[in-house]
Amino acid sequence: MSSLPRNNNPVEIAAFDDVCFRLAGFDDRLVPEWIDGYLTALAAGPRATPIEEWLPAMAGDAYDRAFADPEDRARAERALRTRAVVLADQLDAEALYDAPDMLRLAPLMLVWDEAARAEAVADGGIDAERASELVTGADWADGFFAALDHYSSVWSSGSEDEEQAALFGDLLQQVHALRLAEGSDELRAHVAAVYKDEPADRDRLVDEACYAVQDLRLWWVDQAPKVETRRVEKMPGRNDPCHCGSGKKFKKCHGAAMS
């Protein structure tokens with residue numbers, strides 16, 4: 001039976017949000033949702049990536065500018081690591097195999113509906129035209145694909161199996177669908193192709209994207225090179241006949257070279 005995935009507690013989320021918003025002061029892409037998508041791609045990918053590698057790739061010089069003080073920097077890294085560890089647990093391959101129908105991934109996304117868009121305009125941060133483009137999951141998916149771009153050499157499927165390569169592309173398309181504007185021709189075409197006559201509102205698109213990420217994690221595990229089991233023959237005793245067929249005792253033949 002698969003264990004329930006861990007979720008961040010409110011204190012951890014608040015610490016993560018604080019780090020992200022401070023980074024966003026130097027690079028406006030780096031909001032919590034975008035960074036969460038980025039970290040999700042790393043957790044779903046083909047190899048474990050240490051923070052010393054992904055942090056500069058993700059944040060550039062914004063991290064050094066936002067966190068110059070060593071203690072402040074350590075707290076920031078701890079908050080980011082904590083979120084990354086939780087995502088790795090949610091995308092644990094063994095747990096996903098044990099419960100393939102369970103939605104384990106819990107992304108950090110803002111919910112954009114008409115009320116939220118109107119509130120954003122009223123707060124004076126954006127105009128009505130920009131607000132109309134805000135959709136749930138878009139920033140998260142942008143962060144996800146930013147990580148794929150940064151690690152394109154390892155995220156390329158490279159599969160010679162056409163069926164597996166097509167599956168890889170289909171799973172990425174499910175995540176990309178979150179970037180599509182409501183009512184757009186591209187989104188309508190995606191829904192028609194994937195869901196046929198079934199309804200597919202934004203909530204379903206988010207759920208299907210999360211399932212796709214879980215399947216991508218398993219895709220990479222399935223595509224990993226298989227380690228060939230090596231059979232080790234029992235070593236003959238020193239006084240046994242040598243395995244080479246010389247008729248000599250092992251100690252006087254091939255065993256002598258091992259002495």
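Mentor: Of the 259 residues of the chain, 40% count as buried, where buried means under 20% relative accessible area, exposed means over 50% and partly exposed lies in between, with a 1.4 Å probe and protein chains only. This is a predicted model, in which local features need pLDDT of at least 70 and side-chain atom pairs count only at pLDDT 80 or more, whereas totals for chains, interfaces and linings use all residues. Residues are numbered from 1 along each chain as its sequence is written, and side-chain values use heavy atoms, with hydrogens and water left out.

The secondary structure comes to 14 helices and zero strands, the elements being DSSP runs numbered from the N terminus, with H or I over at least four residues for helices and E over at least two for strands. Contacts, meaning heavy atoms within 4.5 Å, come to 66% from residues 24 or more positions apart, if one considers those in the chain with a separation of 6 or more.

Turning to the rings, a pair is described by the distance of the centres and the angle of the planes. Rings of Phe, Tyr and Trp (for Trp the six-membered ring) pair if their centres lie within 6.5 Å, and planes under 30 degrees apart count as stacked, over 60 as edge-to-face and the rest as tilted. By this rule there are ten aromatic pairs. One of them joins Trp155 and Trp220 edge-to-face, at 5.5 Å centre to centre and with 90° between the planes. Because Trp155 lies in helix 10 (residues 152-155) and Trp220 in helix 13 (residues 202-223), this pair ties together parts that are 65 residues apart in sequence. Trp155 is buried, with a relative accessible area of 6%, and Trp220 is also buried, at 10%.

Trp54, for its part, touches Tyr38, Leu39, Leu42, Thr49, Leu80 and Tyr151, not counting residues up to four places away in sequence.

Helix 13 also packs against helix 2 (residues 32-44), at an angle of about 30° and with the axes 8 Å apart; the axes are lines fitted to C-alpha atoms, for helices over the stretch in contact, and angles run from 0 to 180 degrees between N-to-C directions. Here Thr40, Ala43 and Ala44 of helix 2 meet Val213, Leu216, Arg217 and Trp220 of helix 13, so Trp220 takes part in this contact as well as in the pair with Trp155. The residues of the contact divide into five nonpolar, one polar and one charged, where Ala, Val, Leu, Ile, Met, Phe, Trp, Tyr, Cys and Pro count as nonpolar, Asp, Glu, Lys and Arg as charged, and the others, Gly among them, as polar.

His176 belongs to helix 11 (residues 162-176).
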